[in-house]
Every structure is written in structure tokens, then in C-alpha cells.
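Here is a short report for a reader meeting this structure for the first time. Keep the sequence and the 3D view at hand.

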Amino acid sequence: MSDVKVDWPVERAEPGSVGLCPRRLERVAQVMQRYVDERRILGGITLVARRGRIAHLACTGAMTLQTRAPMRPDGLFRIYSMTKLVTSAAVLMLMEEGRFLLQQPAFLFLPELKDLQVAVTGEDGVERRVGLERPITIHHLLTHTSGFDYDYVHTAAGEGLTLEQYLPRQCQRPLRLQPGRQWLYGASTDILGRLVEVVSGMPLDAFFQERIFAPLGMTDTAFWVPPAKADRLVEMVTHDGAGGLAPGEPLHRGSIFEKPAFLSGGGGLVSTTSDYLRFSLMLLNGGALDGVRLLAPKTVELMRADHLPAGQPPL
């Protein structure tokens with residue numbers, strides 16, 4: 001493993017001291033190395049923490065295809081949908097402040113969500129639009145039962161829209177399902193990012209930094225990578241169709257090294273293993289870490305509960 005110094009939030013421990021089997025934990029690194037050898041992945045970091053200590057930590061493979069620099073423990077990864085958990089925590093922090101109730105219609109705060117249309121395909125195969133049976137609630141957005149699909153979010157990000165510009169355009173498109181009817185993975189959490197902005201009066205990145213990242217000591221998590229940290233960014237790769245790996249996107253595309261206009265609460269953050277461990281430990285500890293409390297224990301219980309009808313999502 002690299003000798004790069006990382007500020008881990010908890011100490012290292014022998015697996016046996018926290019009730020884990022050292023021999024079986026070794027299989028994690030073995031599997032990761034096999035994935036690298038088989039060119040399924042370029043590299044990765046695995047970490048297992050239990051009872052407040054790190055029992056397993058391993059770096060495997062490389063940071064970039066070109067340099068083949070070994071994976072380092074402070075590597076910066078695009079965490080994509082792991083951003084959703086941060087946004088959802090932000091929403092629940094505002095709920096705790098009494099800013100709204102989860103069952104309230106979201107249009108009370110985001111007027112664009114009122115009087116939306118839902119696409120319905122009839123027996124004749126023709127798509128028609130009908131009105132809402134019920135308003136979209138904040139709870140619908142948190143549980144991906146709002147009816148929004150994911151088709152437009154990436155377009156909005158590519159066009160460089162702000163969340164304020166994005167939302168009315170998203171709402172011009174019909175919902176795929178009636179709110180509350182069914183689970184559908186989609187743009188709900190990006191819309192919640194705009195809710196955080198409107199209710200808090202702060203841009204989403206500022207709210208995250210001031211209310212979550214700084215208090216938890218998450219020094220490397222943001223919507224972009226400062227140039228000084230560019231050498232720590234792990235390259236995205238894809239399969240080349242011939243059993244190898246190819247660049248998945250330009251490593252030095254401008255947007256990742258500049259603050260984006262579209263602050264995607266659904267998938268925009270870059271983070272490190274140590275930073276996300278801090279966030280995870282906060283939730284595991286009932287909403288607090290190192291004397292800093294972001295959420296009440298009962299709110300974390302609510303967050304962990306299953307809010308969906310039986311059999312949903314149909315995985």
C-alpha cells in the first residue's frame with residue numbers, strides 16, 4: 001500500500017479484535033486483485049470498519065491507464081449516486097429544523113412541481129398525458145416514488161444549467177408514473193438538491209460544505225477537484241471490447257476541475273474513502289461523529305426504515 005498519509009477517522013485494528021476472521025477478510029483483496037488481473041477494473045480501494053475501528057484496508061491496481069501509478073489511499077473518486085445519501089441527509093436536517101414535513105406537497109416550496117402531467121400509454125399503444133392523482137410530496141422524492149425518470153438530468157448537466165434553470169425544464173416533461181404509485185429510480189434526488197437550496201437560501205455546494213463536510217472533517221469531498229489535487233483523481237475506464245480497458249471519459253475534462261453549474265444532488269460529488277467513512281460512521285453512530293451531531297437518532301432510524309410497498313423496488 002502507498003505510504004501516503006491519510007487522516008482516518010478511526011484507528012486500525014487486527015480483524016480478530018473486532019470479531020472478524022483475518023483469513024476470510026484476505027479474500028476481499030484477493031478478489032479485487034483478480035478483477036484487476038482480469039481487466040474488469042483499473043483499481044480500487046476496499047475498507048471494512050467494525051466496532052469503531054478499521055479491520056481491513058487495501059489498495060489494488062492503478063490510478064490511471066497511462067501512468068499505471070499505484071492506487072493510493074487518498075485517491076479521489078467520482079462517487080456518483082453515493083451523493084444521494086448526502087442530499088437526503090441534508091433534506092432530513094432541514095426537516096428537523098421544522099422547515100417542512102415529509103408528507104407536505106413539494107410544490108409549496110418548488111412551485112414548478114404543481115399541475116404536472118403523467119404519460120400514460122393506452123391499449124392502442126398511443127401515449128397520452130393525464131393530470132396528477134395526488135401532489136408529489138417530499139417523501140415521494142426521498143423514496144423515488146415521485147414518478148420522475150432519469151432521462152433529462154444528464155442533458156441538463158451537459159448543457160451547464162443551474163438547478164434553478166433545470167427544474168422548470170424537467171417539469172415540462174411528463175412523469176412516467178403517478179406519484180406514490182411505484183418505485184422508479186430517477187431525478188428525484190436532484191430535485192431535492194434544489195429543495196435544499198430554496199429552503200436554506202444557500203447554493204447546494206455551500207450547504208454541503210458548511211453544514212455537513214466541514215463539521216465532519218470531510219476535507220476532500222466536493223462537486224469538483226481543485227487543480228492542486230488533480231494527481232489524486234482516479235481515472236474512469238470502460239471495456240474496450242477486446243478484453244482490455246479504455247478511457248471512459250477524458251481524465252482532464254474541464255468540468256471536473258472547475259465548479260460545475262449543475263450541482264447534481266443525485267450524482268455530482270467527488271470524495272475519498274476516508275471522507276465517506278466519516279459520513280458513514282456518522283450515520284452508524286445515530287447521526288453524530290466526534291461530538292458533532294447532524295441528525296437525531298430517531299431521524300436516522302427513519303432514514304434506514306423501508307418505506308416502500310412489498311416487492312419494490314422489483315430487483
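Where is the place of A13? A13 sits in the segment before α1 (22–37). Bear in mind that the model is predicted.

**A13 and its surroundings**

A13 is buried, with a relative accessible area of 15%. The cut-off explains the label: buried means under 20% relative accessible area, so A13 qualifies. Leaving aside neighbours within four places in sequence, A13 is in contact with V18, R53, I54 and A55. Q104 is 91 residues from A13 along the chain. The C-alpha atoms of A13 and Q104 are separated by 46 Å.

**The chain as a whole**

The protein chain has nine helices and ten strands. Its radius of gyration is 21 Å, close to the 20 Å that the globule rule gives for 315 residues, so the chain is as compact as a globular protein of that length. Along its principal axes, the C-alpha trace of the protein chain spans about 60 × 50 × 40 Å. Of the 315 residues, 47% are buried. Among contacts with a separation of 6 or more, 71% are between residues 24 or more positions apart.

**The nonpolar cores**

In soluble globular proteins, nonpolar side chains tend to be buried together. Here the largest nonpolar core has 68 residues. Which of them touch the most other members? They are F100, L113, F148, Y166, F208, I212 and F279. Several elements each supply at least two residues of this core, including β2 (53–61), α5 (163–172), α6 (188–200) and α7 (204–216). α2 (83–96) also belongs to that list. α2 gives the most to this core, with eight residues.

Take L113 as an example. Not counting residues up to four places away in sequence, L113 touches A106, F107, L132, L141, F148, L167, C171 and I191.

**Helix α2**

Is α2 mostly covered or mostly open? α2 is mostly covered: twelve of its 14 residues are buried. Among them are T83, K84, V86 and T87. The run from S88 is also represented, by residues including A89, A90 and V91. The buried residues of α2 pack against α3, α6, α7, α8 and α9 (297–304). The length of α2 can be checked. At 1.5 Å a residue, its 14 residues should span 20 Å, and its end C-alpha atoms are 20 Å apart, which agrees. After α2 comes G98, whose phi is positive, near 80°.

**Aromatic pairs**

How many aromatic pairs are there? The count comes to eight aromatic pairs. Two of them are set out here.

| Pair | Centre to centre | Angle between planes | Kind |
|---|---|---|---|
| Y152 and Y166 | 6.1 Å | 10° | stacked |
| Y276 and F279 | 5.8 Å | 45° | tilted |

Y152 lies in the loop between α3 and α4, and Y166 in helix α5, so the pair ties together parts that are 14 residues apart in sequence. Y152 and Y166 are both buried.

Y276 and F279 are three residues apart in helix α8, so they are separated by about one helical turn. An α-helix has 3.6 residues a turn, so residues three or four places apart point the same way. Y276 is buried, with a relative accessible area of 12%. F279 is buried too, with a relative accessible area of 0%. Y150, W183 and Y185 form one aromatic cluster.

**A hairpin**

Strand β4 (residues 117–121) and strand β5 (residues 127–131) pair in the antiparallel sense over five bridges. Which residue in β5 is the bridge partner of V120? The partner is R128. β4 and β5 form a hairpin with five residues between them. In the turn, G125 has a positive phi of about 85°.

**G266**

G266 lies in the loop between β7 (245–247) and β8 (270–271). G266 is buried, with a relative accessible area of 1%. Not counting residues up to four places away in sequence, G266 touches Y80, S81, T83, K84, Y150, T189 and D190. T83 and K84 are also among the buried residues of α2. G266 and W224 are 42 residues apart in sequence and 15 Å apart in space, C-alpha to C-alpha.

Conventions. Residues are numbered from 1 along each chain as its sequence is written. This is a predicted model: local features need pLDDT of at least 70, side-chain atom pairs count only at pLDDT 80 or more; totals for chains, interfaces and linings use all residues. Side-chain values use heavy atoms; hydrogens and water are left out. A nonpolar core is a set of buried Ala, Val, Leu, Ile, Met, Phe, Trp, Tyr and Cys residues joined through side-chain atoms within 4.5 Å. Buried means under 20% relative accessible area, exposed over 50%, partly exposed in between (1.4 Å probe, protein chains only). Helices (H or I, at least four residues) and strands (E, at least two) are DSSP runs, numbered from the N terminus. Contact means heavy atoms within 4.5 Å. Two strands pair if DSSP finds at least two bridges between them. Rings of Phe, Tyr and Trp (its six-membered ring) pair if their centres lie within 6.5 Å; planes under 30 degrees apart count as stacked, over 60 as edge-to-face and the rest as tilted. The expected span of a helix is 1.5 Å times one less than its number of residues. The radius of gyration is taken over C-alpha atoms; the globule rule is 2.2 Å times the number of residues to the power 0.38.
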